[in-house]
Amino acid sequence: MGRPDLNRRQLLGGLGGLFVAGGFGFAALGTGADALASSADTRVRYWNLFSGGDGANMIAMLDAFREANPRIDVKDSTLQWGNPFYTKLAMAAAGNRAPDLGVMHLGRVPGFSPGRLLDPWDVGLLAKYGVREQDYNPTLWKRGVIDGKLYALPLDIHVQLCFYRKDVLRKAGLLGDDGRMIPVTSTTEWFDVLKKAGQAQKKGLQTIGLWTNDQNFQWWFFVAFYTQLGGTWFDEAHTEVTFDTDKATQVLEFLRRHVTDGYVVPGAPTGEQFVNGAPFTWEGNWSVPVFSGAKLDYGATPLPPVFGTQATHAESHAFVLPHQADRGGSANEGAHELAAYVVKHALQWAAGGHIPAYTPTLSTAAYKKLTPQNEYVSAMDHQAAEPKVWFAGSTGVLAQDLGPVVVSSTMGSAKPAAVAQRMKSRLTRLLASKNPMDGRTAAQGGAVA
């Protein structure tokens with residue numbers, strides 16, 4: 001792409017402005033053997049950030065791949081989630097010690113200097129192993145395309161959901177004939193639902209868990225509802241801020257009202273209250289195993305379209321190829337084969353609550369039987385994503401900068417209209433700032449599908 005290589009010293013200087021890693025104590029737990037398996041002739045080194053239930057599901061999928069492909073030895077390492085993972089991955093790519101395959105949040109890819117720290121996928125090689133563009137939601141696939149090349153192969157989308165207790169809503173008359181929560185299409189209808197649910201719930205519990213003092217969740221909720229209103233962030237060239245403060249104020253007032261009307265207890269443990277009988281909680285789909293494990297009578301839908309248009313916040317785990325000066329050969333082909341296998345065999349991944357990105361999986365009888373996954377699978381078609389700029393993405397600069405500002409409005413320490421203006425000012429500053437990875441602004445980044 002005509003960009004000079006980025007050496008380790010330059011990268012370390014830039015990372016200081018981008019990551020808050022809290023030191024370089026990276027935990028890496030490999031399950032692959034240090035020597036090639038006896039029947040293997042190719043090794044694929046794979047770094048991921050999956051722990052807990054996701055980690056167990058990924059290991060099971062890797063073991064299935066190993067059994068089906070004994071000629072490929074997968075050396076997988078699980079590193080600490082968040083900025084420490086991204087810091088180490090960037091340093092490894094800059095120092096020519098990168099693994100053959102990695103995982104990133106899709107929103108972070110534009111900031112990872114594609115072409116310098118990431119290598120593009122060979123779409124022909126992916127097609128050889130059964131993964132093609134037409135197997136994806138078009139919007140999701142295009143999010144991984146930068147300067148006309150595919151730099152991220154999505155594994156899933158993970159979304160923010162409205163979890164609800166069927167036992168409580170049944171008492172309140174809020175379940176339809178299909179046993180699911182009645183549709184909500186306006187803020188008036190939503191607060192009416194909360195009022196009726198509150199009258200039927202156990203005393204001493206909040207009506208809805210909203211993570212009111214968590215900057216990440218509040219930011220994700222804001223993105224969803226701002227998108228429902230048709231709000232935009234920047235122009236196509238990434239030279240002007242198009243953030244609509246009037247629409248932003250509507251969203252901030254909506255979030256704040258949950259507190260002022262008494263439906264939320266700020267600081268209350270959201271998941272615990274839901275398990276104990278609170279009617280609603282807004283959580284990521286990763287809470288599905290927790291609530292299912294508690295054997296609750298519950299359902300989950302995308303965030304309600306209270307502003308008239310369906311849109312729920314979505315991020316994506318995606319496979320990437322960290323830059324290698326000599327990328328190619330059997331290890332590179334093995335990385336393509338492994339990623340394609342996992343993408344195509346993501347039914348077990350769906351058990352963790354994620355929506356598989358490979359759309360043929362969504363039409364299988366096995367997936368359609370998964371509950372509540374089959375209730376919110378429609379989120380694939382109305383994803384509310386952060387803007388495609390270097391400072392966006394999970395735990396990225398945008399969320400860290402604007403999330404606390406949204407919290408200040410929801411919690412009542414600042415007025416929604418003033419917060420909306422503050423958000424626009426911060427977006428203006430971010431748009432003019434340079435990516436520490438390569439010293440370029442969003443307008444200079446070429447991050448256009």
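The residues that line the second largest pocket divide into seven nonpolar, 12 polar and two charged. In this division Ala, Val, Leu, Ile, Met, Phe, Trp, Tyr, Cys and Pro count as nonpolar, Asp, Glu, Lys and Arg as charged, and the others, Gly among them, as polar. The structure is a predicted model, in which local features need pLDDT of at least 70 and side-chain atom pairs count only at pLDDT 80 or more, while totals for chains, interfaces and linings use all residues. Residues are numbered from 1 along each chain as its sequence is written, and side-chain values use heavy atoms, with hydrogens and water left out.

The volume of the second largest pocket is about 440 Å³. Its lining has 21 residues, and those closest to the centre are Asp-54, Trp-81, Trp-286, His-317 and His-354. A pocket is an open set of points on a 1 Å grid over the protein atoms alone, where a 1.4 Å probe fits, with protein on both sides within 12 Å along at least five of seven lines; lining residues have an atom within 4 Å of a point. Grid points are joined across faces, edges and corners, and the volume is the space filled by probe spheres set on the points.

Two or more lining residues come from each of α2 (52-68), β9, α11 and β13 (312-315). The largest share, four residues, belongs to α2. Such helices (H or I, at least four residues) and strands (E, at least two) are DSSP runs, numbered from the N terminus.

Buried means under 20% relative accessible area, exposed over 50%, and partly exposed in between (1.4 Å probe, protein chains only). Strands β9 and β13 run antiparallel and are joined by two bridges; DSSP must find at least two bridges between two strands for them to pair. Val-159 stands opposite Ala-314 of β13. With strand β16 (residues 383-384), β13 pairs in the parallel sense, again over two bridges, and the partner of His-313 there is Ala-384.

Across the whole structure, 36 aromatic pairs are found. Rings of Phe, Tyr and Trp (its six-membered ring) pair if their centres lie within 6.5 Å; planes under 30 degrees apart count as stacked, over 60 as edge-to-face and the rest as tilted. Phe-163 in β9 (residues 156-165) and Phe-291 in α11 (residues 288-293) are 128 residues apart, and their pair links distant parts of the chain. Phe-163 counts as buried because its relative accessibility is 0%.

Phe-291 has another partner. The centres of the Phe-274 and Phe-291 rings are 4.8 Å apart and their planes are at 55°, so this pair is tilted. Phe-274 lies in helix α10 (residues 270-275) and Phe-291 in helix α11, so the pair ties together parts that are 17 residues apart in sequence. Both residues are buried.

Rings can also meet charges. The charged end of Arg-108 sits over the ring of Tyr-86, 4.3 Å from its centre, where the criterion is that NZ of Lys or CZ of Arg is within 6 Å of the ring centre and within 35 degrees of the ring normal. Arg-257 likewise lies over the face of Phe-191, at 3.9 Å from the ring centre.
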